[in-house]
Amino acid sequence: METGLIWIIAIALVLAVFIPYFAKFRKTQALAEARHAEAQSLGIDRPRGQYPQVDRSQCIGCGSCVAACPEGDVLAVVWGVAEVINGDRCVGHGYCETACPVGALKVGLGDIRSRPDIPILSEHNETSVPGLFIAGELSGISLIRHAVAQGRLVATEIARRIRPQSGGGPDVIVVGAGPAGLTAALTAREHGLSCIVLDQYDLGGTILHYPRRKLVMTQPVEIPQYGALDRDEYAKEELLAIWQEVAKQSALDIRCGRRVEAVRPLERSFVVTLDGGEEIVGQYVVLALGRRGTPRKLNVPGEDLPKVIYQLVDAQSYRGKHILVVGGGDSAVEAAVGLARQPDNTVSLSYRKPRFFRIKKKNEEAVTDAVRGGRITAYFNSEVREIRPGAVVLNLETPIEIVNDVVIVQAGGLPPFEMLRQAGIAFGGDDLTVREADGRIHEAMQR
């Protein structure tokens, strides 16, 4: 009798502990499952760049990867297996990969055969056009450390292959003066190669377009002819100063304000055509362009007004203004938050989706705080219908007009894919398969 009572008490205690735990577990999993379904319906589970790829057969569902990600919301454990919830939010830190105790996760591009926005590259980042390489954001991989690694990779491979030439052109033409392009040029110089760097703007690449004093996250990386960047964050101005110092000390031939219009392969070289018609011939070409390309326009009446701009450099220059920021990505959110911190500004933000999805965790926290505090008015599920001299009309359930002095469009850019395709570069989803692209490269190396 006593034994039976003990068993009853024991079972009751187990149930008292287990039932609340199970209810909490069910609630957590249901929430994760709902987030996963929402991400799939919105297409944000399919990233534009790198993302965590989970081997479901190895994953033990411990959640280490979820806890390690500084961006939040990229991963979640759904019924015992890690799932990508918001792959578009992944910026490639790789902490999740390191944290996984069983090696069930890897950060990368995955199978790109259905990705028309990702060029097919060899192990040395060579495109389907032999001798034409890509480094940096165009490869689909972001972060400064990846850009630097790819710049060094392609230049080292070029140095291994280079043949003496009798012409007056450079050994290497680098298009883009950001971290990837400058690293490629510096590495080429270390190998004794002649090199020209071209950029339609100025030294710094994508970093150049960041707002003033923006903090840029890095991981330890070694810059050729400079040394290590070993801090977690650098201000935009600090990074630009470093690149300018390195470029000056190494006497790189950097030609700014020169837009590349076309790249045409010859038998053993390339012709790079610049705006204005000038042509430069070189043995190898490294495309280290960013993916931002030409700013995306709204194509609405009034967009040609002087008050419409596509880049915010200094938020402090706007005070006492009625400002509308258009977009829902990191650039848009950072602009809105920065402007809302300035005296007497009235800041609104128009985004065509129901909430923010594709932004970094710290940006989400900052904009959410600003919206809750009344410093930013967010119009979700909205689009700009018309821009007027003193107002903007937004399409919601019914059109509304808001007072406005400045419109800042941060709706992304149109990447230079057309120029790449005209040069013969194959992308995922093209008729040219990865194997065929690799075959072209192999044949060129044997010549």
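**Chat: a helix pair and a sheet**

Q: How close do the axes of helix α5 and helix α6 come, and at what angle do they cross?
A: This is a predicted model. The axes of α5 (residues 179-190) and α6 (residues 236-250) come within 11 Å and cross at roughly 25 degrees. Helices here are DSSP runs of H or I with at least four residues, strands are runs of E with at least two, and both are numbered from the N terminus. Axes are lines fitted to C-alpha atoms, for helices over the stretch in contact; angles run from 0 to 180 degrees between N-to-C directions.

Q: Parallel or antiparallel?
A: That crossing makes α5 roughly parallel to α6, a label for angles under 35 degrees.

Q: Which residues make the contact?
A: From α5, they are P179, L182, T183, L186 and R189; from α6, W243, V246 and S250. Contact means heavy atoms within 4.5 Å.

Q: New topic. What is the strand order in the open sheet of three strands?
A: The order is β13-β14-β15, with antiparallel pairing. Two strands pair if DSSP finds at least two bridges between them.

Q: Which are the edge strands?
A: β13 (260-265) and β15 (279-282), since each pairs on one side only.

Q: How many bridges join β14 and β15?
A: Four, in the antiparallel sense; β14 covers residues 270-274. V272 has I280 in β15 as its bridge partner.

Q: What about the numbering and cut-offs?
A: Residues are numbered from 1 along each chain as its sequence is written. Local features need pLDDT of at least 70, side-chain atom pairs count only at pLDDT 80 or more, totals for chains, interfaces and linings use all residues, and side-chain values use heavy atoms, without hydrogens and water.

Terms used. Angles under 35 degrees count as roughly parallel, over 145 as roughly antiparallel, 65 to 115 as roughly perpendicular and the rest as oblique.
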